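Have the structure open as you read.

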Amino acid sequence: MKTARYQRRACDRKEISLGTMYAWFSAVLMLLLLGGLASCSSDSGKPAETAKPEVKGPELITARSAFQKVYIAARGWAPDAKPFRMEAIATTDGNGHDGKWAEWRGSFGSPSKRSAKTFIWSGSAANGAPDRGVNPGIEDSYSATNSSTQIFDMAFLKIDSDQALATAQKHGGEKILQAAADTPVNYVCDWNHNTNELVWHVIYGTSRDTAKLTVAINASTGEFIRVEK
């Protein structure tokens, strides 16, 4: 009898101990769950942080790099399209002292369409600049007899704008930039129907009319032609 009573009491004590431990673990678990809910609740009240958009700097490239991009777009517009002018567009992104600009304009004529169309490549980050990439312009009339819009084969454009600059620097350009380092250098490439050659006009100034110096360079050979102004 004593043995049975002793065993019953031992079992009772064991059950009480297990019950106590279970209650303790339940309480701890409940506190952890409440703490997690409180943390989630406090976080949900905060506004979600939005990632700031990455601000891209300007992309400045030489004329031939830009020409390849606008030429593809022009051929998509008209399979027989050929260029008659390639020119830099001055922006606040640069100064053209390395033969590079963030905007270039290619002008093309299509004999079959009797139309002309411009395409601007932009890598500019300036306010009001066109979207990055190639932007088509407005279609206009085109006449093959117009001497100012003489189309040329792209194979003639062998000299890049930075190479034309290097030659122009040796014929007065270097002195201009030494005297006024803030002078922009612009570039226009077109066909000279009188001499039947493709010409780079390296312009030291904001325009050909107000330029301090303009130097003509053969765009196929890189040879100096003359000082135009």
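In which strand is the place of Ser141? This is a predicted model, and in it Ser141 sits in strand β5, which covers residues 140-141.

Is Ser141 buried or exposed? With a relative accessible area of 60%, Ser141 lands above the 50% cut-off, so Ser141 is exposed. Leaving aside residues up to four places away in sequence, Ser141 still touches Arg114, Ser115 and Ala116. Take Ala116: Ser141 and Ala116 are 25 residues apart in sequence, yet their C-alpha atoms are 5.7 Å apart in space.

Now for the rings. The count of aromatic pairs comes to nine. Tyr187 and Trp200 make up a pair with ring centres 6.3 Å apart and planes at 85 degrees; that angle is over 60 degrees, so the pair is edge-to-face. This pair links distant parts of the chain, with Tyr187 in strand β6 (residues 185-192) and Trp200 in strand β7 (residues 197-204), 13 residues apart.

| Residue | Relative accessibility | Class |
|---|---|---|
| Ser141 | 60% | exposed |

Which residues do ring pairs link into a cluster? Phe67, Tyr71, Trp77, Phe108 and Phe119 are joined that way.

Notes:
Residues numbered from 1 in each chain as written. Predicted model: local features only at pLDDT ≥ 70, side-chain atom pairs only at ≥ 80, totals over all residues. Heavy atoms only, no water. Helix = DSSP H or I, 4+ residues; strand = E, 2+ residues; numbered from the N terminus. Buried < 20%, exposed > 50% of the residue type's maximum accessible area, 1.4 Å probe, protein only. Contact = heavy atoms within 4.5 Å. Phe/Tyr/Trp six-rings, centres within 6.5 Å; stacked < 30°, edge-to-face > 60°.
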